[in-house]
Amino acid sequence: MKRIIWCAAVSMLPMLAKPAYATEAWQAFSCQLEDDDKTEADVVAAAKKWLKAAKTMEGGKDLQVSIHFPVAAAAGDTDFKLILRAPSFKDWGTFWDGYEGSPAHKIDQEADEITTCKESRLFQGVVIDVE
């Protein structure tokens, strides 16, 4: 009987254990500047304004944004990449579920004068820590 209880307990351990790595949600947007008179500084300023509003929303407190401009390679039809990083898919989903009509959405609509981000991809990010 003790052996059956032990086997049952051992088989349940994987369900109770935390994963050995943390996964983050990364959404990568491919963006283009709207006009030739718009600059990288305009993009950065708009992203800061958007992130400030996004952090006030449910699920947005720990969001991070980074912008990546090409330096020495052809980027195709993309002027830059905008990466939205959420600490979990739960936070990412909560944030996007409340996006329509939110403060961040309103700022996003204002930013249409500066840039257009027509496509995005969602990634699972695995953070690598070394000791």
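Reply: Here is a short tour, starting with the ground rules. This is a predicted model, where local features need pLDDT of at least 70, side-chain atom pairs count only at pLDDT 80 or more, and totals for chains, interfaces and linings use all residues. Residues are numbered from 1 along each chain as its sequence is written, and side-chain values use heavy atoms, with hydrogens and water left out.

Me: Is Phe95 buried or exposed?

Reply: Buried means under 20% relative accessible area, exposed over 50%, and partly exposed in between (1.4 Å probe, protein chains only). Phe95 is buried because its relative accessible area is 0%. You'll find Phe95 in helix H3, residues 89-97; helices here are DSSP runs (H or I, at least four residues) and strands likewise (E, at least two), numbered from the N terminus.

Me: What does Phe95 touch?

Reply: Contact means heavy atoms within 4.5 Å. Leaving out residues up to four places away in sequence, Phe95 touches Trp50, Ala54, Met57, Glu58, Gly59, Gly60, Leu63 and Ala104.

Me: Which residues of helix H4 are buried, and why do they count as being on the same side?

Reply: In general, an α-helix has 3.6 residues a turn, so residues three or four places apart point the same way. In H4 (residues 103-110), Ala104, His105 and Ile107 are buried. They lie on the same side of H4 because they cover an arc of only 165° around the axis, taken from the directions from the helix axis to the C-beta atoms. Their cover includes helix H2 (40-54) and H3.

Me: And where is Val130?

Reply: Val130 sits in the segment after strand S4 (115-126), and counts as exposed because its relative accessibility is 74%.
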